[in-house]
Structures are given as structure tokens and as C-alpha cells.
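This briefing is meant to be read beside the sequence and the 3D structure.

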Amino acid sequence: MRVLITGAAGFIGAALAARLLARGDSVLGIDNLNDYYQVSLKKDRLAQLGNGFAFKRVDFANNAALTAALAGEAFDRIVHLGAQAGVRYSIENPHAYVQSNLVGHVNMLEVARAREVPMVYASSSSVYGGNEKLPFSVEDRADHPVSLYAATKKADELMSETYAHLYRIPLTGLRFFTVYGPWGRPDMMLWMFTHKILSGITIPVFNNGDMYRDFTYIDDIVSGVVACVDSPPADDGAVKAGGSVKPHALYNIGNHRSEKLMDVIAVLEDAIGRKAEMEMLPMQPGDVHKTYADIEAIRSDLGYEPTTSVEIGVPKFVEWYREYHGV
């Protein structure tokens with residue numbers, strides 16, 4: 001297959017491209033290489049991708065530029081991972097999220113409609129908001145978001161349901177849970193804490209450490225995405241994961257383990273070989289107390305089974321971080 005990946009210079013996008021190339025697929029990657037975090041990291045990710053990978057720098061939220069970039073290009077699947085990332089940044093810069101996550105998502109749905117190509121797209125575990133029932137299931141209500149980022153991701157799911165209904169396009173939305181690992185994002189906890197502990201800088205620990213996250217290693221995330229790429233939902237009237245009877249499925253991709261933040265910090269300290277100086281702080285606006293993925297839907301439908309615990313994955317990240325930064 002030839003697969004179009006948006007956000008190809010991003011953490012998950014580049015890892016997915018590498019996996020697809022390794023199994024013999026070809027990839028057309030697009031990314032606008034914005035400066036939300038250092039562009040050099042994005043370029044370094046792209047530099048790891050070899051034969052069979054083509055790249056175009058384009059903003060998919062600019063429909064005219066997107067149309068021009070894809071003119072004459074053929075592809076069999078779309079994986080739409082590009083978005084304005086970050087829960088906390090959405091409080092500071094809401095318009096960036098509306099443009100990328102709403103306008104951009106409609107643009108990609110239109111590409112899928114015009115090409116009649118199945119699309120897998122990134123949603124987020126943040127759609128569950130402050131839900132207290134654990135673990136989070138795709139059957140649960142998800143209409144009380146606590147950040148604009150979460151609201152845009154829920155809106156993407158609703159727009160996708162409409163397109164699956166009107167145009168019968170096979171669509172799969174993936175609610176990712178706290179992705180981490182080599183080549184990860186600098187705005188994520190694990191990267192920031194590793195940098196600060198190595199530098200002797202105090203780390204901020206929110207909600208006084210009473211936080212739980214379903215940390216999911218990048219290789220496990222990619223395995224789930226590939227399974228969805230290979231098995232688009234059928235237009236057969238049957239109820240899909242998430243409740244749709246259209247060709248639209250929603251899946252959680254997590255590790256099915258909710259780890260206490262303080263325990264993960266302890267694993268990180270062991271991997272680095274240094275204790276962290278901590279500043280205990282209250283909960284931040286837009287944050288949630290716990291995330292925990294019920295993965296039964298994707299497990300039963302597609303055989304997804306995460307294999308990497310934080311005890312294995314965190315040291316792998318630290319090893320990569322030291323090598324990448326020469327520390």
C-alpha cells in the first residue's frame with residue numbers, strides 16, 4: 001500500500017512511517033513543521049526514514065495548499081495524525097486548535113471523500129474529561145471535556161460520524177493514552193522530567209503527586225494504528241466499537257494499566273541514576289486526575305495487545321534521550 005500520513009514529522013507519525021516502510025509499504029508524509037516545539041527534532045525524525053518515503057511540507061488546514069500538494073498523488077489509506085497538540089497550550093492559544101484540529105480535520109475528511117480512501121485519525125483520551133468511571137470505555141459518554149483540545153478531538157469524532165453516514169467512508173478514530181518513548185515530544189512529562197533531573201532542576205509535581213496515567217509505549221501505539229490501517233470498518237450495518245452502525249469505529253489505544261505518577265517518577269529516577277527534586281503543586285486547569293484505557297474493543301476486533309510496561313519503556317526512553325543529547 002501507499003499510505004498518506006499527516007503529522008509525519010511528529011512523534012507517532014514518524015514512528016508509524018518507519019513501521020510501514022519496514023514491512024514494504026510506501027509513505028507520503030505531510031507536515032507543516034510548525035514551531036510548537038523545536039523543528040530540529042522533527043527534521044531529525046524525518047531523516048531516519050529511508051527508501052519509500054516521500055515528504056511534502058504543507059499545512060493541511062490550508063485547503064488550497066493541501067489540494068495543490070496532493071494533486072497527482074495516489075494513496076490507498078490515510079492516517080491523519082497531524083493536529084495542534086497539547087492540552088495546556090489550548091488554554092493559551094485557542095485559535096491554533098480551531099484551525100488545525102477542526103478546519104484541518106474537515107479538510108482531511110474531504111480528501112478521504114474525494115479519493116474514496118479509508119482514513120484512520122487521531123482522537124485522544126482527553127475526550128473522557130473528568131469521567132470518574134474507570135477504566136474509560138469507548139461506550140462511555142464523552143461530552144464533558146475539560147480543555148479546548150479535548151473538545152476539538154470530540155468534535156472530530158462527531159464530524160467523522162457524519163461523513164461515514166453521508167458518504168460511507170470507512171473511518172477509525174483512535175483515542176490515544178499518554179504516548180511515550182524514544183523520539184517523543186519535549187512538551188510531555190517524561191521528556192521534561194528527564195531533562196530537569198539530569199540538569200538538577202526541580203520538577204513540578206501537580207495535584208501533589210496524586211495523578212494516574214495510562215502510559216503507552218510508542219511501539220504498542222504503532223501496532224494498534226497499523227492494525228486499524230489494515231482493517232477498515234465494514235459498511236454492514238453492524239454496531240461498531242463506539243456505537244456507530246456506520247463504517248466508523250472508535251478505539252482506545254492504551255496500555256490498560258493506570259500508573260501512579262509518583263511510581264513512574266521512581267522508575268525514571270532509577271533509570272537516570274539520580275533522585276529528583278520535587279515541588280508539589282495543585283492540579284492545573286484542564287488536567288484530569290486519572291486516565292485508564294479499557295482496550296477490550298480493539299483487542300477483540302483487531303487482536304491488539306500492548307506488551308511494554310513502564311519498567312521497560314521508561315529506561316528505553318532515558319537511554320535514547322542520553323544518546324540523542326549526548327548526556
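Which residues line the largest cavity? The lining is made up of Arg77, Ile78, Pro118, Met119, Val120, Pro170, Leu171, Thr172, Cys228, Val229, Pro232 and Pro233. The model is a predicted one, in which local features need pLDDT of at least 70 and side-chain atom pairs count only at pLDDT 80 or more, while totals for chains, interfaces and linings use all residues. Residues are numbered from 1 along each chain as its sequence is written, and side-chain values use heavy atoms, with hydrogens and water left out.

**Cavity and pocket**

- A cavity is a set of points, on a 1 Å grid over the protein atoms alone, where a 1.4 Å probe fits but cannot get out, and lining residues have an atom within 4 Å of a point; the count comes to 1 cavity of 30 Å³ or more.
- The largest cavity has a volume of about 50 Å³, a volume being the space filled by probe spheres set on the grid points, which are joined across faces, edges and corners.
- At least two residues of this lining come from each of β4 (77-80), β5 (119-122), β6 (171-176) and α8 (218-230), where helices (H or I, at least four residues) and strands (E, at least two) are DSSP runs numbered from the N terminus.
- By class, the lining of the largest cavity holds 10 nonpolar residues, 1 polar and 1 charged, with Ala, Val, Leu, Ile, Met, Phe, Trp, Tyr, Cys and Pro counted as nonpolar, Asp, Glu, Lys and Arg as charged, and the others, Gly among them, as polar.
- A pocket, by contrast, is an open set with protein on both sides within 12 Å along at least five of seven lines, and the second largest pocket has a volume of about 230 Å³.
- Of the 14 residues that line the second largest pocket, Ala15, Ala18, Pro182, Trp183 and Ile218 lie nearest its centre.
- Helix α1 (11-22) gives the most to the lining of this pocket, with 5 residues, and the lining as a whole divides into 10 nonpolar, 1 polar and 3 charged.

- Helix α6 (residues 148-167) has 20 residues and spans 28 Å from its first C-alpha to its last, close to the 28 Å expected at 1.5 Å a residue, the expected span being 1.5 Å times one less than the number of residues.
- In helix α7 (residues 189-199), the buried residues are Met189, Leu190, Trp191, Phe193, Thr194, Ile197 and Leu198, and what covers them includes α2 (39-47), β7 (179-180), β8 (203-205), α9 (261-272) and α11.
- Glycine 200, which follows α7, has a positive phi near 70 degrees.

**Buried loop residues**

- Glycine 254, in the loop between β11 (248-253) and β12 (259-260), is buried, with a relative accessible area of 0%.
- Leaving aside neighbours within four places in sequence, glycine 254 is in contact (heavy atoms within 4.5 Å) with Phe177, Asp214, Thr216, Ala293, Ile295, Tyr304 and Pro306.
- Threonine 308, in the loop between α10 (296-302) and α11 (310-325), counts as buried at 10% relative accessibility.
- With neighbours within four places in sequence again left aside, threonine 308 is in contact with Tyr180, Tyr217, Asp220, Asn255 and Gly313.

**Backbone geometry**

- Most residues other than glycine have a negative phi, and most peptide bonds are trans.
- Leucine 134 and proline 135 are joined by a cis peptide bond with omega about -5 degrees, and proline 135 lies in the loop between β5 and α6.
- Asparagine 207, in the loop between β8 and β9 (212-213), has a positive phi near 55 degrees.
- Asparagine 208, found in the loop between β8 and β9, has a positive phi of about 55 degrees although it is not a glycine, and this residue is exposed, with a relative accessible area of 52%.

Key
Buried < 20%, exposed > 50% of the residue type's maximum accessible area, 1.4 Å probe, protein only.
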